[in-house]
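Notebook open, structure loaded. I want to look at one residue and its surroundings, then go through the pockets.

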Amino acid sequence: MNRRRTALLTLTALLGAALVASPVSPAAADEVEQLKNGTFDTTTAPWWTTSNVTAGLSDGQLCADIPGGTANRWDAAVGQNDVTLVKGESYKFSFTAKGSPEGHVLRAIVGLQVAPYDTYFEVSPQLSVSGNSYSYTFTSPVDTAQGQVGFQLGGSADPFRFCMDDASLLGGVPPEVYEPDTGPRVRVNQVAYLPAGPKNATLVTDATAKLPWQLKNASGAVVAHGSTVPRGVDASSGQNVHSIDFGAYRKKGTGFTLVADGETSRPFDIGASAYEQLRLDAAKYYYTQRSGIAIRDDLRPGYGRAAGHVNVAPNQGDKDVPCQPGVCDYTLDVAGGWYDAGDHGKYVVNGGISTWEVLSTYERELLARTGEPGKLGDGSLAIPESGNKVPDILDEARWELEFLLKMQVPDGQPLAGMAHHKIHDEQWTGLPLMPSEDPQKRELHPASTAATLNLAASAAQAARLYKPYDKAFAAKALAAARKAWTAALAHPDLYASESDGTGGGTYADNNVTDEFYWAAAELYLTTGEKAFQDYVLASPVHTADIFVPVGYDWARTAAAARLDLATVPSKLPGRDKVRQSVVKGADRYLATLKAHPYGMPYAPEGNLYDWGSNHQILHNGIVIATAYDITGASKYRDGALQGIDYIFGRNALNISYVTGYGEVNSHNQHARWYAHQLDPSQPNPPKGTLAGGPNSSIQDPYAQSKLQGCVGQFCYIDDIQSWSTNEHTINWNSALTRMASFVADQG
């Protein structure tokens, strides 16, 4: 399910713009200019500006004085309305533009001039830094005579001058074919293979017969050789491929390459040290996602920033947040927690599954035969709490847990004990925007059953893990979990609205049988009480086949319960069958992996990759890894290890989806404060940040402009504008955190 709506808010105030509903021309334009007066030779008409912008002619350009202190990009804008767009038609959108002083970000859009103000294409170049001439092609998804071209310039603290010329929207141009640079045709895990683990690669080739391959060390010497195995056409990429298995080679080293069919792979290591570091980096991601606290540059060099949303101007703050109009008549202090993704929203539904998985990373270390809990112990993550004699990963998870507890509806209110679904800005904000600079009003959204059960599940799990370190907090968490459970039973069908997607993602889910099962399971594992045991055993989810081709997710939480019931010691009747169900699920994912030419445990129906496919691949691998913890059978260990190769470069795009890992890696994830692509003064995302990955629905306009007709693995672009393929989120990184820790343990 999608975490946000596909329509983005554009202009809300139009000056001098007549909204005329005229019939749409059925004929496609043929190299025809759709804009009027884009050269500004004698006048600025029919271009309009918002009321706070003064514009005029200057040296044959339209120049506008943009005020400072506005909140949103669309608060100060120049545009033209009544633009005709034809569905399926390709357009070339071009213009020259500059800003003085340089460095301000322009949001250029083609969209709808009337409600719901849909955006069909957008781009956000940094003026006079990323160049003064801009040109893009895109395909219109609609027929309309009420199209709009807008240049949105608000959201800056300081005033500046904006000038543009040669604005053009040319219809009937051939669509620009986007061809990603996929590098050498030998695709490997660019990070590392374990010495005593599987080592597989994929060769893209037209050849149908087997081919020789060579493994070379850093000095170029051949250390192993063999023949490829032809696999035919891979449906997930449309490529003809061969597989390469060099697992017999077990010597450690760095700078290895694989050579086949005249191609040399990108370099990789054989060893475990990279995963020991990734175990930490993936978990360290959460510190820079913290809300309500200044991020210390001495702990994260290059990522230091002021505290966000602590009621210091221009923030309106999270310490006394009101509800949406009509939802409640109180305010809550909901400061703290983790920002969910690249925006400033905080969501109980996604926060719950993320917290569970971070905590489960540590709980597995305590319980599994290969677990090493000390690797995530006190001092391991270099966070402000390091040195308090509590494992750092528990300290980090507590930052989110404290926020989740604050989201509970207070006693004395009609829905006491339920949890508000989310808290975020009233309107969408633009990129880039540091948390401390967000001027938007913050709002609590209605309580939901799903959010309440996420709170119950994660708080119940927390109660058993924090008890050795802080009995009072453990008791507080358990009390909140019980209260949430009781409230959810009393209100079992309060669902978040699918339409509540302005300013933040919806995270709507109208099937909460899995959340009830999960919450009951965690409460049972912590308390051992018969009431929770009975609920688990009576739930239809308990015996359902839950290990489906797409992995578990914030909206599909049954696996969270099943994995914990299988691994956390308890006296649950029929526990052996629970464990067998996990092994059976792992067998299915192993079969998928073996059949897949790219060796991954993910083959969605029709090769339609879901939003956040990378974390679903990791989640399927975690099921396989759990089967290894249960059985000790090497095939599950090897399957889990092989399954991560895709994430680190053994894929059709030949890219590692983890920032800072692999020679070519994702580093332009959609983010407001890791926005180096738009603002060179900001950093890229920190090392160990997972990109969402291929998404066949390509909901964002930028991806739509580049990836129309993409097949499976190719539905991805490493660009900050592509929020549907390239965002980062706390629940995607929790999957990476858990899997990285498992892999490091196998070294």
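I started with Gln80, which sits in strand 5, the stretch covering residues 77–85. I keep in mind that this is a predicted model.

Buried or exposed? I looked up the relative accessibility of Gln80, and at 2% it counts as buried, because the cut-off for buried is under 20%.

Next I asked what the side chain of Gln80 reaches. I found the backbone nitrogen of Lys36, at 2.9 Å.

Then I listed the contacts of Gln80, skipping neighbours within four places in sequence. Lys36 turns up again, along with Gln34 and Leu35. I also noted Pro46, Trp47 and Trp48, and then Gly147, Gln148 and Val149.

I read off about 630 Å³ of space for the largest pocket. It is lined by 29 residues, and I wrote down those closest to its centre: Gly155, Pro432, Leu433, Glu437 and Asp679. Sorting the lining of the largest pocket by class, I got 12 nonpolar, 12 polar and 5 charged residues.

The second largest pocket holds about 290 Å³ of space. I have 15 residues lining this second largest pocket, with His542, Thr543, Arg562, Lys577 and Ser581 the closest to its centre. Which helix gives the largest share of that lining? I traced it to helix 9, residues 575–595, which supplies 7 residues. By class, I noted 4 nonpolar, 6 polar and 5 charged residues in the lining of the second largest pocket.

Terms used. Residues numbered from 1 in each chain as written. Predicted model: local features only at pLDDT ≥ 70, side-chain atom pairs only at ≥ 80, totals over all residues. Heavy atoms only, no water. Helix = DSSP H or I, 4+ residues; strand = E, 2+ residues; numbered from the N terminus. Buried < 20%, exposed > 50% of the residue type's maximum accessible area, 1.4 Å probe, protein only. Polar contact = N/O pair within 3.5 Å; in protein donor to acceptor, adjacent residues only side chain to side chain. Contact = heavy atoms within 4.5 Å. 1 Å grid on protein atoms, 1.4 Å probe; cavity = no way out; pocket = protein on both sides within 12 Å on 5 of 7 lines; lining within 4 Å. Points joined across faces, edges and corners; volume = space filled by probe spheres on them. Nonpolar A, V, L, I, M, F, W, Y, C, P; charged D, E, K, R; others polar.
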